[in-house]
Amino acid sequence: MSARELADFLGVPLNTVYMWNHRHQGPRAHKVGRYLRYRWPEVEAWLEARAVDRPV
């Protein structure tokens, strides 16, 4: 998916996605030409790693 699609999916500004990439904080990005692309399994794993456990 594109950086724009990721931003829309996560509900964050596009600049946040670019900042995460620059700081190596967000999901792993792949450069395709001059564009950033993200793979769904890597985005899902990144989200899962940040899940908040809540008592039942």
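**Salt bridges and layout**

Mentor: Start with helix α1 (residues 3–10): aspartate 8 and arginine 4 both sit there, four residues apart, about one turn of the helix. Helices here are DSSP runs of H or I, at least four residues, and strands are runs of E, at least two, numbered from the N terminus.

Trainee: Where do the numbers come from?

Mentor: This is a predicted model, where local features need pLDDT of at least 70, side-chain atom pairs count only at pLDDT 80 or more, and totals for chains, interfaces and linings use all residues. Residues are numbered from 1 along each chain as its sequence is written, and side-chain values use heavy atoms, with hydrogens and water left out.

Trainee: So how do aspartate 8 and arginine 4 meet?

Mentor: Their side chains form a salt bridge at 3.7 Å, N to O. That term means a side-chain nitrogen of Lys or Arg within 4 Å of a carboxyl oxygen of Asp or Glu.

Trainee: Is aspartate 8 buried or exposed?

Mentor: Exposed, at 53% relative accessibility, while arginine 4 is partly exposed at 44%. Buried is under 20% relative accessible area, exposed over 50%, partly exposed in between (1.4 Å probe, protein chains only).

Trainee: How many salt bridges in the structure?

Mentor: Two. Glutamate 42 and arginine 28 also pair up, at 3.5 Å, N to O. That pair links distant parts of the chain, 14 residues apart: glutamate 42 is in helix α3 (residues 40–49), arginine 28 in the loop between α2 (14–23) and β1 (30–32).

Trainee: New topic: what's the order of elements?

Mentor: From the N terminus, α-α-β-β-α.
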